[in-house]
Protein chains: 2
Amino acid sequence: MSVASKETAIVTAGLLVIGDEILSGRTKDKNIGYIAEYLTGIGVELKEVRVVADDEAAIVEAVNALRHRWTYVFTTGGIGPTHDDITAECVAKAFGVRIGYDPRAVAIMRERFAEHELNEARMRMTRIPDGADLVLNKVSRAPGFWLGNVIVMAGIPAVMQAMLDEVAPKLKTGAKVLSETVRADAREGDIGTPLGELAKAYPEVTIGSYPFFDDQRGPNTNVVMRSRDADKLAEAKRAVEAMLARVKAAL
Amino acid sequence: MSVASKETAIVTAGLLVIGDEILSGRTKDKNIGYIAEYLTGIGVELKEVRVVADDEAAIVEAVNALRHRWTYVFTTGGIGPTHDDITAECVAKAFGVRIGYDPRAVAIMRERFAEHELNEARMRMTRIPDGADLVLNKVSRAPGFWLGNVIVMAGIPAVMQAMLDEVAPKLKTGAKVLSETVRADAREGDIGTPLGELAKAYPEVTIGSYPFFDDQRGPNTNVVMRSRDADKLAEAKRAVEAMLARVKAAL
């Protein structure tokens, strides 16, 4: 059973987005959607996202809440060279470990910057909590890190994406959630009751209903079915299609 | 003092985004950035965002965590006509109040839909927790609601935006956070140390540093200063500009 349970285990994640600029609306986050789609694609289920300010108490609390709850926690933002980049210090505090200039990180920065450029600000980027592994970054070089189940990444999308590529092959992953979408060509309110009955009839399949406005026919609906079981998914899809045909014939 | 403190009070908000489709990455959220910018503009400070699944326990827990912490809580998503729309039930549960078909909401839906269209699914949208006020919706009519300090809105951006316009004039608001942006024309690592000193010297001003890639000159930085005090903000801006001139002259 242990081999089978390893293969079908559900691997979960929380995401913590750190930055005043997201909460003020000045910067529109592009990482949540990217990470959500990426994790779904590799068989890690994103269960919760939090966005907090550049505030030590808020970051420490969120890191601790999320890391005790989910298999992995990803963070974005706050690992640059300026005073408002406090993520590494906060993660060290959340774990109760020391933080210092990491020789591996210093070596990377020495390759990238001339000695006179390695000022106090840039050296901040080499401060890594004790016990962490580095997460390499092919784009701007300054590394993220991985401590316990917490993976600390940059906020700049191109850098974050390079770090995620670096980390992904090392993650435990579960059975992928497969999905099917059926365009209802019906209004959500016309299919809600029978769709709810199908959701009960197929408990292994999560059925979602997403209204959208269709330029051709007005209010329309996408029915999205998600499951780790391909057979149950196909069965639910056939049942949804049959229900839609029935409902539309009766309208 | 009470009049002055009312004017300068800090009014805060938390935002709860509800929906499997955001966590799976299928739908890219557009509401967080819009609401963040909107609230900043009217003098409400967004302090925290959470995204949770269409899961009763997760929604109830998040509503209760946020409503005890911030002046207001806004929620988006989960108030449509289908089985996965459980936000109203969850908010009632979080507050420990009953929920039922609300005559005001039923009257609105009767204006919008013919009697034979008012099926069980559409009637779900008239279920409102006891004690709540309705939040009208000029776009698709089905109302959101406002219970205690929690404001429940739709997930579809156009509908959410209409509801926010409806609610905004009724919110307590604080002194607006003003902001100034200075384009550094310098790399973040070159200005980090003196910028950190200025952040300490101007405690009433939050100074953020946002690196970006500039097609003309490569790595560049925006320095963003935010404060409720216009004079302090102007002073900090002058100090940042003087610092940038000094640093660049020395490079």
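User: Which residues touch the most other members in the largest nonpolar core?

Analyst: Bear in mind that this is a predicted model. The largest nonpolar core has 105 residues, and the ones that touch the most other members are V63(A), V73(A) and V91(A), along with V63(B), V73(B) and V91(B).

User: Take V91(B). What is it in contact with, leaving aside its neighbours within four places in sequence?

Analyst: V91(B) is in contact with V63(B), P129(B), L147(B), V150(B) and V152(B). As general background, nonpolar side chains tend to be buried together in soluble globular proteins.

User: What follows α5(A)?

Analyst: G96(A) does, and its phi is positive, near 65 degrees.

User: Let's do strands. Is β8 of chain A covered on both faces or open?

Analyst: Both faces of β8(A), residues 150-153, are covered. V150(A) and V152(A) sit on one side, I151(A) and M153(A) on the other, and all four are buried.

User: Which strands does β8(A) pair with?

Analyst: Strand β3 (residues 72-76) of chain A pairs with β8(A) in the parallel sense over 4 bridges, and there F74(A) stands opposite I151(A). Strand β7 (residues 144-147) of chain A runs antiparallel to β8(A), joined by 3 bridges. In that pairing, F145(A) has V152(A) as its bridge partner.

User: What about the hairpin of β7(A) and β8(A), how many residues are between the strands?

Analyst: There are 2 residues between them, and G148(A) in that hairpin takes a positive phi near 60 degrees.

User: Switching to domains. What does the assignment give for chain A?

Analyst: It gives domain 1 (2-170) and domain 2 (178-250). Their centres, taken over C-alpha atoms, are separated by 37 Å.

User: In chain B, which strands pair with β11?

Analyst: Strand β9 (residues 178-183) of chain B pairs with β11(B), residues 218-227, in the antiparallel sense over 6 bridges. S179(B) has R226(B) as its bridge partner there. Strand β10 (residues 206-214) of chain B is also antiparallel to β11(B), over 9 bridges, and P211(B) is bridged to T221(B). β10(B) and β11(B) form a hairpin with 3 residues between them.

User: OK, now the two chains together. By what turn can chain A be laid on chain B?

Analyst: A turn of 180 degrees with a shift of 0.0 Å along the axis does it, at an RMSD of 0.0 Å. In chain A, R50(A) has the C-alpha nearest the axis, 2.2 Å from it. The same surface serves both copies, with 100% of the contact residues of chain A recurring in chain B.

User: How many residues are in contact between them?

Analyst: 48 residues of chain A are in contact with 48 of chain B. Elements giving two or more residues to chain A's side include α3 (31-42), β2 (45-52), α9 (188-201) and β10 (206-214) of chain A. That side divides into 17 nonpolar, 16 polar and 15 charged residues.

User: What does β2(A) do with strand β2 of chain B?

Analyst: The two strands pair in the antiparallel sense over 5 bridges. V52(A), for one, stands opposite E48(B) in β2(B).

How values were computed: Residues are numbered from 1 along each chain as its sequence is written. Chains are lettered from A and ligands numbered from 1 in the order in which they are written. This is a predicted model: local features need pLDDT of at least 70, side-chain atom pairs count only at pLDDT 80 or more; totals for chains, interfaces and linings use all residues. Copies are superposed by least squares on the C-alpha atoms of residues with pLDDT of at least 70 in both. Two residues are in contact if their C-beta atoms, placed from the backbone, lie within 7 Å. Ala, Val, Leu, Ile, Met, Phe, Trp, Tyr, Cys and Pro count as nonpolar, Asp, Glu, Lys and Arg as charged, and the others, Gly among them, as polar. Two strands pair if DSSP finds at least two bridges between them. Domain bounds come from an automatic or database domain assignment. A nonpolar core is a set of buried Ala, Val, Leu, Ile, Met, Phe, Trp, Tyr and Cys residues joined through C-beta atoms within 7 Å. A residue is buried if 20 or more other C-beta atoms lie within 10 Å of its own, exposed if 12 or fewer, and partly exposed in between; C-beta atoms are placed from the backbone.
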